[in-house]
Amino acid sequence: MPAWTDLIRDVPDFPQPGILFKDITPVLADAAAFAAAVEAMAMPWRDEAIDAVVGVEARGFILGAALARELEVGFVPVRKPGKLPAHTLSLDYGLEYGRDRLEIHVDAVPAGARVLVVDDVLATGGTLKAAIELVERQGAIVIGTGVLVELGFLGARAAWRHAAPLHASARY
Ligand code: AMP
């Protein structure tokens with residue numbers, strides 16, 4: 001695995017007992033590691049026609065905004081409920097325990113736009129699937145999904161049904 005992955009910190013039992021949290025903040029804090037991580041996320045898409053990067057609150061904003069700059073396209077946030085100020089489209093989705101909701105501004109991605117959806121960690125995949133659906137409900141095209149870290153043992157990739165490629169820069 002590339003050197004920047006050494007800075008991903010495993011935090012046991014956060015935010016609850018039994019979860020091994022992949023903390024990417026040490027990667028972000030190191031200039032060379034941050035640059036290498038963003039480069040790793042950008043690499044698979046460099047030859048693709050992309051109109052926007054959509055990132056999921058909150059760590060998906062950090063990586064997504066950096067990736068959008070790297071790919072020289074705009075950035076669109078998908079947020080938790082009640083945070084976006086203008087007219088939004090909402091989607092409820094199932095979590096392992098309970099439900100959650102994500103929102104996007106209705107005018108954020110035009111119909112037909114080619115969009116890359118990103119987050120920091122792919123765990124069960126529910127969050128990214130919801131973000132993809134929000135983008136597609138607006139008539140935009142999800143040309144791919146990118147994460148910095150994939151937790152492969154949770155099986156999200158095996159259950160992934162979206163036709164566009166799913167790229168992970170590091171896998172555990
Ligand atoms: P998911 O289960 O794929 O919907 O993940 C939900 C959200 O929680 C994603 O935005 C991830 O960034 C975050 N997440 C889930 N599990 C972990 C983990 N073990 N370490 C760090 N972040 C996680």
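Buried means under 20% relative accessible area, and partly exposed lies between that and the exposed class, which is over 50%. The legends below describe close-up views of a predicted model.

**View 1. The ring pair of Phe14 and Phe21.** Two aromatic pairs turn up in a search of the whole structure. Phe21 has a relative accessible area of 17%, so Phe21 is buried. Phe14, at 44%, is partly exposed.

**View 2. The ring pair of Phe61 and Phe75.** This aromatic pair is edge-to-face, at 6.0 Å centre to centre and 80° between the planes. Phe61 belongs to helix 3 (residues 59-71) and Phe75 to strand 4 (residues 74-78), so the pair ties together parts that are 14 residues apart in sequence. Phe75 is partly exposed, with a relative accessible area of 27%.

**View 3. Lys22 and the ring of Tyr172.** The charged end of Lys22 sits over this ring, 3.7 Å from the ring centre.

**View 4. The crossing of helix 2 and helix 3.** Two packed helices are described by the angle between their axes and the distance between the axes. Here the axes of helix 2 (residues 31-42) and helix 3 come within 9 Å and cross at roughly 70°. Helix 2 is therefore roughly perpendicular to helix 3. The crossing is right-handed.

**View 5. Residues that meet between helix 2 and helix 3.** Helix 2 contributes Phe34, Val38, Glu39, Met41 and Ala42. Across from them, helix 3 contributes Ile62, Leu63, Ala66, Leu67, Glu70 and Leu71.

Technical notes. Residues are numbered from 1 along each chain as its sequence is written. This is a predicted model: local features need pLDDT of at least 70, side-chain atom pairs count only at pLDDT 80 or more; totals for chains, interfaces and linings use all residues. Side-chain values use heavy atoms; hydrogens and water are left out. Rings of Phe, Tyr and Trp (its six-membered ring) pair if their centres lie within 6.5 Å; planes under 30 degrees apart count as stacked, over 60 as edge-to-face and the rest as tilted. Buried means under 20% relative accessible area, exposed over 50%, partly exposed in between (1.4 Å probe, protein chains only). Helices (H or I, at least four residues) and strands (E, at least two) are DSSP runs, numbered from the N terminus. A charge sits over a ring if NZ of Lys or CZ of Arg is within 6 Å of the ring centre and within 35 degrees of the ring normal. Axes are lines fitted to C-alpha atoms, for helices over the stretch in contact, and angles run from 0 to 180 degrees between N-to-C directions. Angles under 35 degrees count as roughly parallel, over 145 as roughly antiparallel, 65 to 115 as roughly perpendicular and the rest as oblique. A crossing is left-handed if the near helix is turned anticlockwise from the far one by less than a right angle, and right-handed if clockwise. Contact means heavy atoms within 4.5 Å.
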